Amino acid sequence: MIGFCRESWVRYNAAMRWTLADIPWEKFDRAKVDREILRLVKAASLVERNGEDYARYLCGVFAGDAVFQAAARKWGVEEVQHGEALGRWAMLADPSFDHAAACARFTAGFRVDLNAAASVRGSRAGELVARCIVETGTSCYYTALAEASAEPVLQVICRRIAADELRHYKLFLTHLERYLAQEGLGFWGRLGVALGRIRESEDDELAFAYHAANHPELAYDRRRTARDHARRAYAIYRRHHVERGIAMVLKAVGLTPNGRLNRLATNLGWRFMQRRVARWSREAA
Ligand SMILES: [Fe+2]
Ligand SMILES: [Fe+2]
């Protein structure tokens, strides 16, 4: 799935277009809603809905690159649609959930730097490595959510989103290859950005989204909320999701995606996640 040629990329790109009207909302089955997954979906809907701000940030960082800016704007529209689809599903599952109000709470407390003229990753190539890592994470996350959920409408939404995220990964990877040729970011630089962005997956953005979506009545405790979110999110993963994620990360830093290094990193990553879920579940009990 990770290797692709330009022709197949164009076909894939065109084939994956969808709108909220393509989701079979009438098949929603309340009895199959998992309350823990619902919490994750509410949080994800806020982060995705914020895609417009990220697109503006990217347009600032890539000033003068009209081709990339056009792609980033299109990407932002798709991310917003992910947020709208997940938010609409969350409101079906929990009629007391107000998606628009939750989005407003989230953006009131978490803002992307809309005026940035340079990437926080140090270079445009670094920014694209970070975007590849984010899309790797979301592609694997929505695949795992689709497989973990028994609710048929959520399954469809998550599969659609997971396919988009994989396409986004390929989009940023294509531009990364172009910028690597221009900027010459070496292997260690790419690896440093990738590891830094992976570490940030437990940072304030997801934790605050989880808080704003699920517990706005409580005072925000970043550390506790990050664990509450990560404990539930890690629990939906299976080993093959981690394996695929590692392959995508390895490719983004210029290493062989599927080989001995993948097996080693997958074993370490999978064990690390399982240990964390077990420890945090004990602490939460
Ligand atoms: Fe997304
Ligand atoms: Fe994406």
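1. Axes here are lines fitted to C-alpha atoms, for helices over the stretch in contact, and angles run from 0 to 180 degrees between N-to-C directions. On that basis helix 4 and helix 7 pack at an angle of about 165°, and their axes lie 11 Å apart; helices (H or I, at least four residues) are DSSP runs, numbered from the N terminus. Helix 4 and helix 7 are therefore roughly antiparallel to each other, a label given to angles over 145 degrees, where those under 35 count as roughly parallel, 65 to 115 as roughly perpendicular and the rest as oblique.

2. This is a predicted model, in which local features need pLDDT of at least 70 and side-chain atom pairs count only at pLDDT 80 or more, while totals for chains, interfaces and linings use all residues. Residues are numbered from 1 along each chain as its sequence is written, chains are lettered from A and ligands numbered from 1 in the order in which they are written, and side-chain values use heavy atoms, with hydrogens and water left out.

3. On confidence, pLDDT is the predictor's confidence in each residue, from 0 to 100. The protein has a mean pLDDT of 90, with 94% of its residues at 70 or more. Confidence is lowest in helix 1 (residues 6–15), where the mean is 47, and highest in helix 2, where it is 97. Over residues 1–12 pLDDT stays under 50, and for this stretch the model has 18 contacts beyond four places in sequence, a contact being heavy atoms within 4.5 Å.

4. Donors are N, O and S atoms within 2.8 Å of the metal (3.2 Å for Na, K and Ca), and water is not among the atoms, so sites may look incomplete.

5. The iron ion (ligand 2) is coordinated at 1.9 to 2.8 Å by Glu79 (OE), Glu135 (OE), Glu135 (OE), Glu165 (OE) and His168 (ND1), and its donors follow the spacing E-x55-E-x29-E-x2-H. Here again distant parts of the chain are linked, since Glu79 belongs to helix 4 and Glu165 to helix 7, 86 residues apart. Glu79 coordinates both the iron ion (ligand 2) and the iron ion (ligand 1), and the two ions are 3.7 Å apart.

6. Buried means under 20% relative accessible area, exposed over 50% and partly exposed in between (1.4 Å probe, protein chains only). Glu48 is buried as well.

7. To return to the helix pair of the opening point, helix 4 passes helix 7 in a left-handed crossing, meaning that the near helix is turned anticlockwise from the far one by less than a right angle, whereas clockwise would be right-handed. The residues of helix 4 that take part include Trp75, Glu79, His82 and Trp89, and the residues they meet in helix 7 include Ile161, Glu165, His168 and Phe172.

8. Tyr54, Tyr57, Leu58 and Val61 in helix 3 meet Arg124, Glu127 and Arg131 in helix 6.

9. Three further residues deserve a look. Thr138, placed in helix 6, counts as buried at 18% relative accessibility and touches Glu48 and Glu165, not counting residues up to four places away in sequence. Tyr169, in helix 7 (residues 152–183), is buried with a relative accessible area of 1%, and its C-alpha atom is separated by 5.1 Å from that of Cys132, 37 residues apart along the chain. Val112 lies in the loop between helix 5 (99–109) and helix 6, counts as buried at 10% relative accessibility, and touches Asn50, Asp53, Tyr54 and Tyr57, again leaving out residues up to four places away in sequence.

Note on methods. Helices (H or I, at least four residues) and strands (E, at least two) are DSSP runs, numbered from the N terminus.
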